[in-house]
Amino acid sequence: MVGTGRILLITKDFNIQGPSSYVKDLSFFMAGRGTDVHVVCYGNEECDYDLGEKIHVHQVRFILGANNTYNWHMLMNNELKRKSRELMEKNDFDLIHCIDWTAYPTAIGVSRMFDKPYVITLYSTEKERGLGVYESGMISDIEWMSTYDAGYIITLNQDTRNVLIHDYGVPSGKITLATENGKDPYEETEHVYERMLNN
Amino acid sequence: MRILMTTWEYPPDKVGGVASHVADLSKALVKMGHDIHILIPGTEKKEELYDKGITMHRMEPIHNVTDMTTWSTAIAHRMEKEAIKLHKQQKFDIVHTHDWMMVPAGTGIKKLLNVPLVFTIHSTEHGRSGVHDPYTKMINDLEWYGTYEANNVITVGKDFCREVQSLFRVPDDKIHYVPNGVELEKFDSPKLNAKREDFVGDWEKMVLFCGRMTYVKGVHNLIEAMPSIVREHPDTKFVLAGKGPDLENYRGRVKSMGIAEKTLFPGYVDDDTLVALYRMADLTVAPSLYEPFGIVALEAAAARRPTIGSYIGGLKETIVHEHTGLHTWAGNSGSIADQVNRMLWDGSWRNWLGENGRRYVEDNFMWNKIAYWTTGIYGKTLGIW
């Protein structure tokens, strides 16, 4: 599909030295398919590095604190936006893949600026997490908005899929449960890319 | 130039001075030939041509909002989406953002559109209420972030410029002082949009305060001064216009001091009524404890009336002592009483001060000049000169 294409993965976290994660494993999977993967993520210092020939990591730093997690993520996205926009100006991406609501403001911004489709993976929803923090309502709102704006939504568990359909009103045809019936989530993600690019 | 402004208030919906500032500056910029688009919160999403060629883009309201800092980051997201749409139709040259509540929007738009940012800071949390908890620290941090991310920073007062520079460590070459201005036409209308007898008796002298009913505006000091003024000038009536968190407290205070019949609290008054009040008043008092600019003194002067105001911040510039009004020591009710008593004795002097004030405004605080200076900062930002 994307084959020799290029995708922009936007995520708050990309810890290559840590335990296996969906974003890390997806990057390696897509790189193995010959896709050029650019990852924009947040970290303690600003840096760019490559993992092999196909994975290019662009880490940004954000220096401001905030009084709540919603505000911090919304403001931290400014740096994700800057880096993503710079990459979009230099490269021709096929699509944008956003991980979680914490990177959504950037994903929708660059998607609209450069007329590129975007897909979002939601690990869970605020409702499931049930954190009940001060700004939970705002987080739920932006999660809903992220699903509304996305071309496709990938979830990794049935609960999240159910919440999206029944609480957020997302059409079921827009959601892929990437782990359904023992499927390989990375192959399923690749299928979502294909569907998106063929639409 | 094609300029995108972001603001949280615009006339007729006014809370502080930002609304008038953005409206008057935008109108003056339009007269200079610039294309002005304003992103602003609204009750529904709509686009409309407004004051003399300004295009307003109103955002849908935010629900579930927990506090104003969270509101500011949430509305920023909506403004960014709108900015992208407009930028794709025709590129903006500058984004100009006002006040901390618009810092998330201004900085986000700058990062996404790669358009330079000008930030006008109208006051600081440090000055307004102090930084003493996570919420006020967040506001303070957003103010810093705005000055840090902006290509150029505009402050509205000379003292205030130094305050911002020292508080946020802003480099010399990116911080500028450009004052607020006054639109004279509205003060020259032959018609008054309020009747004097609705506020004071025809035998009474009107001492006007207008502004937010909050501690930093120093209303409590004016109230403390009232008994002494009434003793010397029993025909004085104080009209305290505005709303705010301390309004009921002030009402109770004048009642307990036995001067309720000498005081009128009309609450919030619209622009037309405010102009009429300035013109009908014998004098205006601005007893602020913190005032980055002090537009009240200029508006009173535009109405040819003198102001007695604290010798602090912008009021040091907007009042010329013994020439357009009088200064008092900030936070000193005795000083306020002395100066008000002095001025109430002499109607001719008040008229002379008022006429001087009007000329002072005409020479220094006209929006066409201010728009010209602002355009200079836009040009510097774009590297044109």
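Start by selecting Pro292(B), which sits in the loop between β12 (283–286) and α10 (295–302) of chain B. Helices and strands here are DSSP runs (H or I of at least four residues for helices, E of at least two for strands), numbered from the N terminus. A bit of housekeeping: this is a predicted model, where local features need pLDDT of at least 70, side-chain atom pairs count only at pLDDT 80 or more, and totals for chains, interfaces and linings use all residues. Residues are numbered from 1 along each chain as its sequence is written, chains are lettered from A in the order in which they are written, and side-chain values use heavy atoms, with hydrogens and water left out.

**Around Pro292(B)**

Is Pro292(B) buried or exposed? At 7% relative accessibility, Pro292(B) counts as buried. The cut-offs are under 20% relative accessible area for buried, over 50% for exposed and partly exposed in between, with a 1.4 Å probe and protein chains only. Now show what Pro292(B) touches, leaving aside neighbours within four places in sequence: His122(B), Ser123(B), Val156(B), Gly157(B), Phe160(B), Gly313(B) and Gly314(B). Contact means heavy atoms within 4.5 Å.

**Over to Asp188(B)**

Next, select Asp188(B), in the loop between β8 (175–177) and β9 (205–210) of chain B. Asp188(B) has 39% relative accessibility and so counts as partly exposed. With Arg358(B), the side chains are joined by a polar contact of 2.8 Å. A polar contact is a pair of N or O atoms within 3.5 Å; within protein, one must be able to donate a hydrogen and the other to accept it, and residues adjacent in sequence count only if both atoms are side-chain atoms.

**A strand stop: Thr97(B)**

Thr97(B) belongs to strand β5 (residues 94–98) of chain B. With a relative accessible area of 1%, Thr97(B) is buried. Outside the four places on either side in sequence, its contacts include Thr6(B), Met102(B), Leu117(B) and Phe119(B).

**Chain A as a whole**

Colour chain A by secondary structure and you get seven helices and eight strands. Its radius of gyration is 16 Å, close to the 16 Å that the globule rule gives for 199 residues, so chain A is as compact as a globular protein of that length. That radius is taken over C-alpha atoms, and the rule is 2.2 Å times the number of residues to the power 0.38. The C-alpha trace spans about 40 × 40 × 35 Å along its principal axes, and buried residues make up 58% of the chain.

**Salt bridges in chain A**

Select Asp48(A) and Lys83(A), a salt bridge whose closest N and O atoms are 3.7 Å apart. Asp48(A) lies in strand β3 (residues 47–51) and Lys83(A) in helix α2, so the pair ties together parts that are 35 residues apart in sequence. A salt bridge is a side-chain nitrogen of Lys or Arg within 4 Å of a carboxyl oxygen of Asp or Glu. Asp48(A) is partly exposed at 48%, while Lys83(A) is buried at 11%.

In helix α2, Arg82(A) and Glu79(A) are three residues apart, about one turn of the helix, and their side chains meet in a salt bridge (2.7 Å, N to O). Now select the network of salt bridges that links Glu46(A), Asp48(A), Glu79(A), Arg82(A), Lys83(A), Glu86(A), Lys110(B), Lys111(B) and Glu149(B).

**Last stop: the interface**

Display both chains: 33 residues of chain A are in contact with 34 residues of chain B. Asn67(A), Met113(A) and Met138(A) supply 21% of the area that chain A buries against chain B, more than any other three residues. About 2,600 Å² is buried between the chains, with carbon and sulfur atoms giving 62% of that area. Buried area is the accessible area (1.4 Å probe) that two parts lose on being put together, summed over both.

How many salt bridges are there between chain A and chain B? The count is four, and one to zoom in on joins Lys88(B) to Asp115(A), with the closest N and O atoms 2.6 Å apart. Then highlight α2 (69–90), α3 (104–113) and α5 (136–149) of chain A, each supplying at least two residues of the side that touches chain B. Of that side, α2(A) gives the most, with 10 residues.
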